[in-house]
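Here is a short report for a reader new to this structure. Look at the sequence and the model first, then read on.

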Amino acid sequence: MSVLGYVSGQIEREQQQLAVINRAVLALRAEALGVGDALQLDRVAVKESRGRLQTFLAQLTATLAGGTADVPMGTLIEILTSRRSREDWIEDLRGAQHALASVEQLTPQHLGALTEIVQALDREFAGTLHRLYGRQ
Amino acid sequence: MKAAEMRAALEWLDAEVAALRAATPAHAAVIERLATELHQARVHLLNIDNIIRIGHPALVPHAFPILHTLVLITSRVGVTYLPALQHQGPRERFVRGLVRCAARAVGLTWLTDVVVRLDGPHAAYVAYPELPILYAPPRQASSLIDLPGLYHELGHAALEFDRTTGGGGVGVLLRGTVTQHFAELARRAGPLTPERRAARESRLAEAATFWSEARLAEIFCDVLATVVCGPAHYLSFVDLAFRDGRNPFGAHASHPPLAARVRACERTLTLPHQREPVVEQLRAAWATHEREHTASHEYEVACSASLIDALVHASLEGISAALPGCQPFTQPLSHPDQIGIREASGTLEELLNRAAVLLVLVPGRYAEWERDAVARCGRIAEEALGD
């Protein structure tokens, strides 16, 4: 009984979500460092990134606050809460959402939390990648 | 270092895909998709180059996800699709035609192409659900046995298409069924001490998490294959479950326990099919097999008959919504005496059900009959490819 049917679709969805979130956080990092031009990012790209992150963080915060490891975000939440408590994450993510909704630049603490989320998503994706293509 | 490795890999893959473009015009859509992926990979590589050039440590963590994406693209093209496309001969063409025919019955109206690879157990690669790879054992090119398993694999493409294009309604239906089932059980607890109530709710919550998205997907694919293939899929699945040899009440990897899946297949059959002698015989044999094993308490809670029946119902609802072109197999099964040696007519699903009747009721006649049936399948395959 093969798991390929499920995993081959799952990895595509994981990759797409990771790409969107990574690109968005990278854009905000680049803006904060003043290197947006070197990454060919304009204001529109940064604005779009803020919008995408707001949507994603709202879902993530709601799932964390609900106390359940809801299926689509189950692994991500497992990885995040192995590092810090749910309450800490909720506080950080609400702060980041507030900053994203205004025109404020994100603080280093917010950017740090967002980068941790990218790394957690990447860890999940790399795990699935290894499951499909890793050298046994 | 990895970026340099990826650059070299992309050059090689570009050349291989260009060679395939000329060699396999029948798979032009797949090859176009691979070429687009390789182009996208070069954009990713450029982004890594930019991050490296800027050289700020805060940007470096953002290069890894891009690098992993490059590994996925180069693996998907070079490890998965390329070898499959490089081994396309008459046997693959035969099975590909049958898969096209099966896909039409399943209702995959959006399927653009399918690549068949005959070197492993049944499986599907559905990252691009409209251009999947279907794997089957080499024997599939000359036998109908196990062919219903390909309908199950097409179910994975259907689910993935629904998740990425249709809003994921099927998954929501299945998840909702599980949530509702366990919430209802929690409500029915009656008077309990707070401690016992908490323990009970914790057990139910654990049972609900047993039903991962992957396990629900397997149930949906079993139901879909049974809807389209009827008793032929039931036989194929019971046969698979017997071959497994382990306790059918145990879960393995991302799959639900076999006993739960056999029940799902059986409950999917139409009532007249449930009363067919073939099905009755298989049901009795499977019941005997189940009695030789013990179901754990965890199985009884997580895979109760009422939940499996509810999941079958939800899957049928999902099929109606996501696959309106699906053609259920509802015909009565032929009596063995009506099944001739010269199989000049009949749809693929009719042939598969005739095969099931012979295999279960008069197995001695099967081998001779199958030779003619496979010849008929060859014509069905060519008709499907000629669309």
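## A charged pair across two chains

B:Glu213 has a relative accessible area of 25%, so this residue is partly exposed. The model is a predicted one. Which side chain does B:Glu213 meet in a salt bridge? The partner is A:Arg13, at 3.6 Å from N to O. This pair crosses between chains: B:Glu213 sits in helix 8 of chain B, and A:Arg13 sits in helix 1 of chain A. A:Arg13 also counts as partly exposed, because its relative accessibility is 22%. The cut-off for buried is under 20%.

A:Arg13 has another partner. Its side chain meets that of B:Glu160 in a salt bridge, at 2.8 Å from N to O. Side chains of opposite charge can pair when their charged atoms come close.

## The helix of chain A

Helix 1 of chain A covers residues 4–33, which is 30 residues. From first C-alpha to last, this helix reaches 42 Å. That is close to the 44 Å expected at 1.5 Å a residue. Is helix 1 of chain A largely enclosed or largely open? It is largely enclosed by the rest of the structure, because 22 of its 30 residues are buried. Just after this helix comes A:Gly34, with a positive phi of about 70°.

## Where the chains meet

How many residues of chain B are in contact with chain A? There are 43, and they touch 35 residues of chain A. Together the two chains bury about 3,300 Å² between them. Of that area, 67% is on carbon and sulfur atoms. On the chain B side, B:His62, B:His68 and B:Leu72 lose the most area to chain A. Together these three account for 17% of what that side buries.

The polar side of the interface can be counted too. Between chain B and chain A, 12 residue pairs are in polar contact. Several elements give two or more residues to the side of chain B that touches chain A, among them helix 2 (28–54), helix 5 (148–164) and strand 2 (123–125). The largest share comes from helix 3 of chain B, with 11 residues. By class, this side of chain B has 21 nonpolar, 12 polar and 10 charged residues. Across the interface the rule finds 3 salt bridges.

## Salt bridges in the whole structure

Over all chains, the structure holds 29 salt bridges.

| Pair | N to O distance |
|---|---|
| A:Arg13 and B:Glu160 | 2.8 Å |
| B:Glu213 and A:Arg13 | 3.6 Å |
| B:Asp14 and B:Arg42 | 2.8 Å |
| B:Arg93 and B:Glu382 | 2.8 Å |

B:Asp14 and B:Arg42 meet through their side chains in a salt bridge. The pair links distant parts of the chain, 28 residues apart: B:Asp14 is in helix 1 (residues 2–23) of chain B, and B:Arg42 is in helix 2 of chain B. B:Asp14 is partly exposed at 31% relative accessible area. B:Arg42 is partly exposed at 33%.

Now the other pair within chain B. B:Arg93 forms a salt bridge with B:Glu382. B:Arg93 lies in helix 4 (residues 90–106) and B:Glu382 in helix 16 (residues 366–385) of chain B, so the pair ties together parts 289 residues apart in sequence. B:Arg93 is partly exposed, with a relative accessible area of 38%. B:Glu382 counts as partly exposed at 39%.

Some salt bridges share partners. These join A:Arg13, B:Glu160, B:Arg163 and B:Glu213 into one network.

Methods
Residues are numbered from 1 along each chain as its sequence is written. Chains are lettered from A and ligands numbered from 1 in the order in which they are written. This is a predicted model: local features need pLDDT of at least 70, side-chain atom pairs count only at pLDDT 80 or more; totals for chains, interfaces and linings use all residues. Side-chain values use heavy atoms; hydrogens and water are left out. Helices (H or I, at least four residues) and strands (E, at least two) are DSSP runs, numbered from the N terminus. The expected span of a helix is 1.5 Å times one less than its number of residues. Buried means under 20% relative accessible area, exposed over 50%, partly exposed in between (1.4 Å probe, protein chains only). Contact means heavy atoms within 4.5 Å. Buried area is the accessible area (1.4 Å probe) that two parts lose on being put together, summed over both. A salt bridge is a side-chain nitrogen of Lys or Arg within 4 Å of a carboxyl oxygen of Asp or Glu. A polar contact is a pair of N or O atoms within 3.5 Å; within protein, one must be able to donate a hydrogen and the other to accept it, and residues adjacent in sequence count only if both atoms are side-chain atoms. Ala, Val, Leu, Ile, Met, Phe, Trp, Tyr, Cys and Pro count as nonpolar, Asp, Glu, Lys and Arg as charged, and the others, Gly among them, as polar.
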